[in-house]
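Here are my notes on this one, in numbered points. Have the model open while you read.

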Amino acid sequence: MAETRPARKSKQTVLAVSADRTWLQSLVRALSAVPEIEPKAVDMAAFLDGKFDRGAVDAIVMDIDDGAALRDERLFSLRQDLGKAPMVVLSGQLPHDLARQLVRLGSTDWLQKPLELRQIVDAVTPMLRVKVAGGNKVFAVMSCVGGAGGTSLSIVAAHTIARQMGSAPDRCALVDLDFTKGSCGIYLDVQNDVELASFVDNPQRVDAEFMDLVRRDYRDRFAVFSFARPDLSYARNGEEFVLRMMDVLAFQFRNTVIDIPFHYTPWRDRILEAADGVMLVTELTIPSVRQAQLVLEGIRPRRTGAGGVAVVVNRHRSKLFSRAIGHKDLVKTFEGASVHYVPDDWSTLQDAINRGIAAPDAGPRSAFVKKAAAPIAKMLAREKA
(Lines give C-alpha, C1' and ligand atoms only; values in the text may rest on other atoms or scores of the structure.)
Protein backbone atom coordinates (compact mmCIF):
# COMPACT_ATOMS: atom_id res chain seq x y z
CA MET A 1 0.00 0.00 0.00
CA ALA A 2 1.37 3.39 -0.96
CA GLU A 3 2.47 5.62 1.86
CA THR A 4 0.06 8.46 2.56
CA ARG A 5 1.84 11.73 3.11
CA PRO A 6 0.22 14.50 5.14
CA ALA A 7 -0.92 17.48 3.11
CA ARG A 8 1.54 20.34 3.18
CA LYS A 9 0.33 23.54 4.78
CA SER A 10 -0.29 26.34 2.32
CA LYS A 11 1.14 28.86 4.79
CA GLN A 12 3.95 28.80 7.35
CA THR A 13 3.30 30.19 10.82
CA VAL A 14 5.77 32.80 12.07
CA LEU A 15 5.56 33.86 15.70
CA ALA A 16 6.40 37.58 16.04
CA VAL A 17 7.32 38.60 19.59
CA SER A 18 8.07 42.11 20.92
CA ALA A 19 7.37 44.36 23.89
CA ASP A 20 6.95 47.33 21.52
CA ARG A 21 3.40 47.05 20.20
CA THR A 22 3.87 49.66 17.48
CA TRP A 23 6.95 47.89 16.18
CA LEU A 24 5.14 44.55 16.47
CA GLN A 25 2.28 45.77 14.28
CA SER A 26 4.74 47.00 11.65
CA LEU A 27 6.55 43.67 11.74
CA VAL A 28 3.32 41.72 11.28
CA ARG A 29 2.37 43.88 8.27
CA ALA A 30 5.77 43.29 6.70
CA LEU A 31 5.61 39.52 7.20
CA SER A 32 2.03 39.43 5.89
CA ALA A 33 3.29 40.76 2.57
CA VAL A 34 4.82 37.34 1.91
CA PRO A 35 2.02 35.02 0.66
CA GLU A 36 3.54 31.92 2.29
CA ILE A 37 3.72 33.48 5.78
CA GLU A 38 0.98 33.69 8.39
CA PRO A 39 2.34 35.89 11.21
CA LYS A 40 1.03 35.67 14.76
CA ALA A 41 1.76 38.64 17.04
CA VAL A 42 2.58 38.01 20.71
CA ASP A 43 3.48 40.62 23.32
CA MET A 44 6.77 39.79 25.10
CA ALA A 45 5.12 39.76 28.55
CA ALA A 46 2.43 37.37 27.34
CA PHE A 47 5.08 35.20 25.69
CA LEU A 48 7.12 34.89 28.90
CA ASP A 49 3.91 33.99 30.77
CA GLY A 50 3.27 31.25 28.21
CA LYS A 51 0.05 32.88 27.03
CA PHE A 52 0.24 32.07 23.32
CA ASP A 53 -0.64 29.26 20.94
CA ARG A 54 2.35 26.88 20.85
CA GLY A 55 0.99 24.69 18.09
CA ALA A 56 2.65 24.42 14.66
CA VAL A 57 5.20 27.24 14.88
CA ASP A 58 7.44 27.18 11.79
CA ALA A 59 9.69 30.12 12.69
CA ILE A 60 10.10 32.81 15.36
CA VAL A 61 11.03 36.47 15.08
CA MET A 62 11.81 37.85 18.53
CA ASP A 63 12.61 41.45 19.41
CA ILE A 64 14.54 41.49 22.70
CA ASP A 65 15.49 45.19 22.47
CA ASP A 66 18.08 45.78 25.23
CA GLY A 67 18.38 42.06 26.01
CA ALA A 68 16.62 42.13 29.40
CA ALA A 69 14.57 39.07 28.41
CA LEU A 70 17.80 37.06 28.15
CA ARG A 71 18.07 37.26 31.96
CA ASP A 72 14.70 35.54 32.34
CA GLU A 73 14.97 31.73 32.56
CA ARG A 74 11.39 31.40 31.34
CA LEU A 75 12.60 32.46 27.90
CA PHE A 76 14.94 29.48 27.59
CA SER A 77 12.33 27.06 28.87
CA LEU A 78 9.80 28.31 26.31
CA ARG A 79 12.43 28.07 23.57
CA GLN A 80 12.86 24.38 24.36
CA ASP A 81 9.09 23.88 24.24
CA LEU A 82 9.03 25.32 20.72
CA GLY A 83 11.51 22.71 19.51
CA LYS A 84 13.74 23.29 16.51
CA ALA A 85 11.78 26.13 14.91
CA PRO A 86 14.36 28.57 13.46
CA MET A 87 14.58 31.85 15.35
CA VAL A 88 15.61 35.33 14.23
CA VAL A 89 16.52 37.57 17.16
CA LEU A 90 16.40 41.37 16.91
CA SER A 91 18.13 43.61 19.41
CA GLY A 92 20.09 46.77 20.01
CA GLN A 93 23.76 46.66 20.95
CA LEU A 94 24.21 43.90 23.55
CA PRO A 95 26.96 43.53 26.16
CA HIS A 96 29.21 40.54 25.67
CA ASP A 97 27.62 38.39 28.40
CA LEU A 98 24.13 38.77 26.89
CA ALA A 99 25.34 38.23 23.33
CA ARG A 100 26.68 34.85 24.44
CA GLN A 101 23.21 33.95 25.70
CA LEU A 102 21.98 34.04 22.11
CA VAL A 103 23.93 30.82 21.51
CA ARG A 104 22.26 29.19 24.49
CA LEU A 105 18.90 30.40 23.19
CA GLY A 106 19.55 28.61 19.91
CA SER A 107 19.02 31.64 17.71
CA THR A 108 19.46 30.99 14.01
CA ASP A 109 20.18 34.58 13.08
CA TRP A 110 20.78 37.82 14.94
CA LEU A 111 19.94 41.23 13.47
CA GLN A 112 20.89 44.45 15.21
CA LYS A 113 18.70 47.54 15.28
CA PRO A 114 18.23 49.94 13.70
CA LEU A 115 17.27 47.94 10.64
CA GLU A 116 14.67 47.88 7.89
CA LEU A 117 11.72 45.51 8.07
CA ARG A 118 12.75 44.15 4.69
CA GLN A 119 15.91 42.76 6.28
CA ILE A 120 13.83 40.69 8.68
CA VAL A 121 11.67 39.31 5.89
CA ASP A 122 14.78 38.43 3.89
CA ALA A 123 16.19 36.59 6.92
CA VAL A 124 13.04 34.58 7.59
CA THR A 125 11.91 33.48 4.13
CA PRO A 126 14.93 31.26 3.26
CA MET A 127 14.40 29.37 6.53
CA LEU A 128 10.80 28.59 5.63
CA ARG A 129 11.70 27.46 2.12
CA VAL A 130 14.14 24.92 3.46
CA LYS A 131 11.67 23.83 6.14
CA VAL A 132 9.12 23.06 3.46
CA ALA A 133 11.77 21.21 1.46
CA GLY A 134 12.48 18.87 4.36
CA GLY A 135 15.51 20.39 6.05
CA ASN A 136 19.18 20.77 5.27
CA LYS A 137 21.61 17.86 5.32
CA VAL A 138 25.29 18.55 5.87
CA PHE A 139 28.06 16.23 4.69
CA ALA A 140 31.64 16.97 5.73
CA VAL A 141 34.63 15.67 3.78
CA MET A 142 37.98 15.94 5.54
CA SER A 143 41.46 15.05 4.35
CA CYS A 144 43.26 13.48 7.31
CA VAL A 145 46.69 14.28 5.86
CA GLY A 146 47.89 16.76 3.26
CA GLY A 147 47.33 15.65 -0.31
CA ALA A 148 44.87 12.86 0.57
CA GLY A 149 42.45 14.06 -2.11
CA GLY A 150 39.53 15.33 -0.04
CA THR A 151 38.78 18.16 -2.46
CA SER A 152 38.31 15.82 -5.43
CA LEU A 153 36.00 13.61 -3.35
CA SER A 154 34.05 16.67 -2.13
CA ILE A 155 33.38 17.66 -5.72
CA VAL A 156 32.24 14.13 -6.58
CA ALA A 157 29.95 14.16 -3.53
CA ALA A 158 28.31 17.47 -4.55
CA HIS A 159 27.94 16.24 -8.13
CA THR A 160 26.33 12.98 -6.94
CA ILE A 161 23.83 14.80 -4.71
CA ALA A 162 22.93 17.27 -7.46
CA ARG A 163 22.32 14.43 -9.91
CA GLN A 164 20.02 12.64 -7.47
CA MET A 165 18.12 15.81 -6.55
CA GLY A 166 17.12 16.67 -10.11
CA SER A 167 16.52 20.28 -11.16
CA ALA A 168 15.80 21.87 -7.76
CA PRO A 169 17.75 25.18 -7.67
CA ASP A 170 18.55 24.81 -3.97
CA ARG A 171 19.61 21.17 -4.16
CA CYS A 172 23.26 21.42 -3.14
CA ALA A 173 26.05 23.78 -2.10
CA LEU A 174 29.76 22.92 -2.11
CA VAL A 175 31.63 24.89 0.56
CA ASP A 176 35.42 25.05 0.55
CA LEU A 177 36.79 25.77 4.02
CA ASP A 178 40.42 25.48 2.97
CA PHE A 179 40.93 29.21 2.69
CA THR A 180 44.66 28.81 2.10
CA LYS A 181 44.02 27.87 -1.54
CA GLY A 182 40.35 27.86 -2.48
CA SER A 183 41.01 24.62 -4.36
CA CYS A 184 37.37 23.78 -5.13
CA GLY A 185 37.03 26.99 -7.11
CA ILE A 186 40.34 26.39 -8.88
CA TYR A 187 39.48 22.80 -9.84
CA LEU A 188 36.07 23.83 -11.20
CA ASP A 189 37.30 27.09 -12.76
CA VAL A 190 34.92 29.23 -10.70
CA GLN A 191 37.40 31.32 -8.73
CA ASN A 192 36.09 34.02 -6.45
CA ASP A 193 37.82 37.39 -5.97
CA VAL A 194 35.22 39.07 -3.74
CA GLU A 195 36.87 41.20 -1.04
CA LEU A 196 35.95 39.63 2.32
CA ALA A 197 37.79 41.89 4.78
CA SER A 198 34.79 43.99 5.84
CA PHE A 199 32.63 40.88 6.32
CA VAL A 200 35.26 39.02 8.34
CA ASP A 201 35.70 42.09 10.55
CA ASN A 202 31.91 42.30 10.98
CA PRO A 203 30.49 38.74 10.83
CA GLN A 204 27.00 39.99 11.61
CA ARG A 205 26.91 41.24 8.00
CA VAL A 206 26.95 37.65 6.74
CA ASP A 207 23.44 37.07 5.44
CA ALA A 208 21.63 35.70 2.40
CA GLU A 209 22.61 38.73 0.33
CA PHE A 210 26.29 38.18 1.14
CA MET A 211 26.06 34.50 0.23
CA ASP A 212 24.53 35.43 -3.11
CA LEU A 213 27.45 37.82 -3.66
CA VAL A 214 30.12 35.14 -3.12
CA ARG A 215 28.21 32.34 -4.80
CA ARG A 216 29.44 30.78 -8.02
CA ASP A 217 27.63 28.01 -9.89
CA TYR A 218 29.06 24.93 -11.54
CA ARG A 219 27.13 24.27 -14.74
CA ASP A 220 23.82 25.09 -13.03
CA ARG A 221 24.20 21.88 -11.03
CA PHE A 222 25.41 23.04 -7.64
CA ALA A 223 26.54 26.24 -5.97
CA VAL A 224 30.21 26.71 -5.11
CA PHE A 225 31.50 28.85 -2.24
CA SER A 226 35.27 28.90 -2.50
CA PHE A 227 37.81 31.68 -2.04
CA ALA A 228 41.45 32.06 -1.06
CA ARG A 229 41.89 34.02 2.15
CA PRO A 230 44.90 32.41 3.95
CA ASP A 231 44.68 34.61 7.04
CA LEU A 232 41.04 33.76 7.72
CA SER A 233 41.88 30.64 9.76
CA TYR A 234 43.62 32.87 12.29
CA ALA A 235 41.50 36.03 12.05
CA ARG A 236 39.99 37.29 15.30
CA ASN A 237 36.44 36.86 13.99
CA GLY A 238 37.23 33.95 11.68
CA GLU A 239 35.27 31.33 13.58
CA GLU A 240 32.15 33.49 13.90
CA PHE A 241 32.38 34.39 10.20
CA VAL A 242 32.53 30.72 9.14
CA LEU A 243 29.79 29.51 11.47
CA ARG A 244 27.44 32.33 10.46
CA MET A 245 28.12 31.50 6.83
CA MET A 246 27.25 27.85 7.48
CA ASP A 247 24.06 28.85 9.31
CA VAL A 248 22.86 30.95 6.37
CA LEU A 249 23.63 28.17 3.89
CA ALA A 250 21.77 25.66 6.02
CA PHE A 251 18.59 27.63 5.38
CA GLN A 252 19.21 28.19 1.69
CA PHE A 253 20.09 24.69 0.48
CA ARG A 254 18.73 21.21 0.94
CA ASN A 255 22.22 19.71 1.04
CA THR A 256 25.63 21.11 1.87
CA VAL A 257 28.97 19.42 1.18
CA ILE A 258 31.87 20.92 3.16
CA ASP A 259 35.48 20.41 2.11
CA ILE A 260 37.54 20.57 5.33
CA PRO A 261 41.36 20.85 5.18
CA PHE A 262 43.65 18.51 7.10
CA HIS A 263 45.14 21.27 9.27
CA TYR A 264 43.42 22.38 12.44
CA THR A 265 40.94 25.26 12.39
CA PRO A 266 38.83 26.57 15.31
CA TRP A 267 35.59 25.47 13.64
CA ARG A 268 36.66 22.03 12.38
CA ASP A 269 35.49 19.84 15.27
CA ARG A 270 32.14 21.64 15.62
CA ILE A 271 31.33 20.96 11.99
CA LEU A 272 32.47 17.32 12.14
CA GLU A 273 30.38 16.73 15.25
CA ALA A 274 27.23 18.33 13.85
CA ALA A 275 27.34 17.02 10.26
CA ASP A 276 24.80 14.42 9.18
CA GLY A 277 27.54 12.49 7.43
CA VAL A 278 31.36 12.59 7.62
CA MET A 279 33.90 11.24 5.13
CA LEU A 280 37.44 10.93 6.49
CA VAL A 281 39.79 10.71 3.54
CA THR A 282 43.08 8.92 4.11
CA GLU A 283 45.74 6.95 2.30
CA LEU A 284 46.90 3.41 2.99
CA THR A 285 49.89 4.35 5.08
CA ILE A 286 50.28 3.91 8.82
CA PRO A 287 50.63 7.68 9.58
CA SER A 288 47.53 8.48 7.52
CA VAL A 289 45.46 5.72 9.09
CA ARG A 290 46.57 6.77 12.57
CA GLN A 291 45.59 10.36 11.89
CA ALA A 292 42.16 9.30 10.64
CA GLN A 293 41.77 7.17 13.78
CA LEU A 294 42.60 10.17 15.98
CA VAL A 295 40.03 12.34 14.21
CA LEU A 296 37.35 9.66 14.54
CA GLU A 297 38.09 9.12 18.23
CA GLY A 298 37.91 12.87 18.77
CA ILE A 299 34.43 13.28 17.30
CA ARG A 300 32.94 9.91 18.27
CA PRO A 301 31.87 10.91 21.84
CA ARG A 302 29.75 13.77 20.49
CA ARG A 303 28.17 11.74 17.71
CA THR A 304 25.91 8.68 17.89
CA GLY A 305 28.74 6.16 17.86
CA ALA A 306 30.45 6.24 14.49
CA GLY A 307 27.13 6.28 12.64
CA GLY A 308 27.21 8.37 9.49
CA VAL A 309 31.01 8.21 9.28
CA ALA A 310 32.85 6.72 6.29
CA VAL A 311 36.60 6.22 6.08
CA VAL A 312 37.70 6.54 2.45
CA VAL A 313 41.05 5.10 1.43
CA ASN A 314 41.98 7.20 -1.60
CA ARG A 315 44.48 6.37 -4.37
CA HIS A 316 44.25 2.71 -3.46
CA ARG A 317 46.37 0.24 -5.38
CA SER A 318 45.65 -3.45 -4.91
CA LYS A 319 48.76 -5.59 -4.91
CA LEU A 320 49.12 -9.35 -4.68
CA PHE A 321 51.11 -10.53 -1.64
CA SER A 322 51.31 -6.93 -0.41
CA ARG A 323 52.41 -6.14 3.14
CA ALA A 324 50.05 -3.17 3.20
CA ILE A 325 47.41 -2.73 5.91
CA GLY A 326 44.63 -5.25 5.33
CA HIS A 327 40.90 -4.63 5.11
CA LYS A 328 40.24 -6.52 8.36
CA ASP A 329 42.75 -4.28 10.13
CA LEU A 330 40.95 -1.16 8.89
CA VAL A 331 37.52 -2.46 9.86
CA LYS A 332 38.84 -3.17 13.36
CA THR A 333 40.61 0.18 13.61
CA PHE A 334 37.55 2.15 12.48
CA GLU A 335 34.95 0.04 14.27
CA GLY A 336 31.44 1.21 13.48
CA ALA A 337 32.45 3.29 10.46
CA SER A 338 32.15 2.06 6.90
CA VAL A 339 35.39 1.64 4.93
CA HIS A 340 35.61 2.43 1.22
CA TYR A 341 38.40 2.23 -1.35
CA VAL A 342 38.87 4.65 -4.25
CA PRO A 343 41.36 3.58 -6.93
CA ASP A 344 44.31 5.65 -8.08
CA ASP A 345 43.14 7.16 -11.38
CA TRP A 346 45.36 10.10 -12.22
CA SER A 347 44.34 10.21 -15.87
CA THR A 348 40.69 10.97 -15.05
CA LEU A 349 41.59 13.54 -12.39
CA GLN A 350 44.20 15.22 -14.57
CA ASP A 351 41.71 15.53 -17.41
CA ALA A 352 39.09 17.00 -15.08
CA ILE A 353 41.47 19.52 -13.49
CA ASN A 354 42.95 20.64 -16.82
CA ARG A 355 39.47 21.20 -18.25
CA GLY A 356 38.10 22.85 -15.09
CA ILE A 357 35.26 20.33 -14.70
CA ALA A 358 34.13 17.76 -12.13
CA ALA A 359 35.57 14.25 -12.44
CA PRO A 360 32.10 12.73 -13.11
CA ASP A 361 31.85 14.94 -16.19
CA ALA A 362 35.35 14.03 -17.36
CA GLY A 363 35.03 10.29 -16.85
CA PRO A 364 31.49 9.30 -15.83
CA ARG A 365 32.20 5.59 -16.30
CA SER A 366 35.65 5.55 -14.73
CA ALA A 367 36.37 3.31 -11.75
CA PHE A 368 37.39 6.38 -9.75
CA VAL A 369 34.03 8.11 -10.19
CA LYS A 370 32.02 4.99 -9.40
CA LYS A 371 33.96 4.24 -6.23
CA ALA A 372 34.24 7.88 -5.14
CA ALA A 373 30.45 8.32 -5.39
CA ALA A 374 29.72 5.24 -3.28
CA PRO A 375 30.23 6.74 0.22
CA ILE A 376 27.93 9.73 -0.32
CA ALA A 377 25.36 7.54 -2.10
CA LYS A 378 25.30 5.27 0.95
CA MET A 379 24.88 8.25 3.27
CA LEU A 380 21.99 9.62 1.16
CA ALA A 381 20.28 6.24 1.26
CA ARG A 382 20.74 6.16 5.03
CA GLU A 383 19.16 9.60 5.40
CA LYS A 384 16.14 8.54 3.32
CA ALA A 385 15.63 5.33 5.28
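**Notes on rings, a buried alanine and a pocket**

1. Arg205 lies over the face of Phe199, at 4.3 Å from the ring centre. Lys113 has its charged end over the ring of Trp23, 4.8 Å from the centre. A charge counts as over a ring when NZ of Lys or CZ of Arg is within 6 Å of the ring centre and within 35 degrees of the ring normal.

2. Before going on: this is a predicted model, with local features needing pLDDT of at least 70 and side-chain atom pairs counted only at pLDDT 80 or more, while totals for chains, interfaces and linings use all residues. Residues are numbered from 1 along each chain as its sequence is written, and side-chain values use heavy atoms, with hydrogens and water left out.

3. The whole structure has 7 aromatic pairs. One of them, Phe47 with Phe52, is stacked, at 4.7 Å centre to centre and 15° between the planes. Rings of Phe, Tyr and Trp (its six-membered ring) pair if their centres lie within 6.5 Å; planes under 30 degrees apart are stacked, over 60 edge-to-face, and the rest tilted. Both Phe47 and Phe52 are buried (under 20% relative accessible area, with a 1.4 Å probe and protein chains only).

4. How are the rings of Phe225 and Phe253 arranged? Their centres are 6.1 Å apart and the planes meet at 80°, so this pair is edge-to-face. Phe225 is in strand S9 (residues 222-225) and Phe253 is in the loop between helix H10 (238-250) and strand S10 (255-260), so the pair ties together parts 28 residues apart in sequence. Helices (H or I, at least four residues) and strands (E, at least two) are DSSP runs, numbered from the N terminus. Both Phe225 and Phe253 are buried. Elsewhere on the aromatic list, Phe179, Phe227 and Trp267 form one cluster.

5. Ala359 belongs to helix H15 (residues 359-362). Ala359 is buried, with a relative accessible area of 6%. Beyond its neighbours within four places in sequence, Ala359 has contacts (heavy atoms within 4.5 Å) that include Val156, Ala352 and Phe368. Leu188 is 171 residues from Ala359 in sequence, yet their C-alpha atoms are 9.7 Å apart.

6. Which element gives the most to the lining of the second largest pocket? That is H6, with 4 residues. Among the 26 lining residues, Gly147, Gly149, Gly150, Thr151 and Tyr187 are the closest to the pocket centre. A pocket here is an open set of points on a 1 Å grid over the protein atoms alone, where a 1.4 Å probe fits, with protein on both sides within 12 Å along at least five of seven lines; lining residues have an atom within 4 Å of a point.

Note on methods: Buried < 20%, exposed > 50% of the residue type's maximum accessible area, 1.4 Å probe, protein only.
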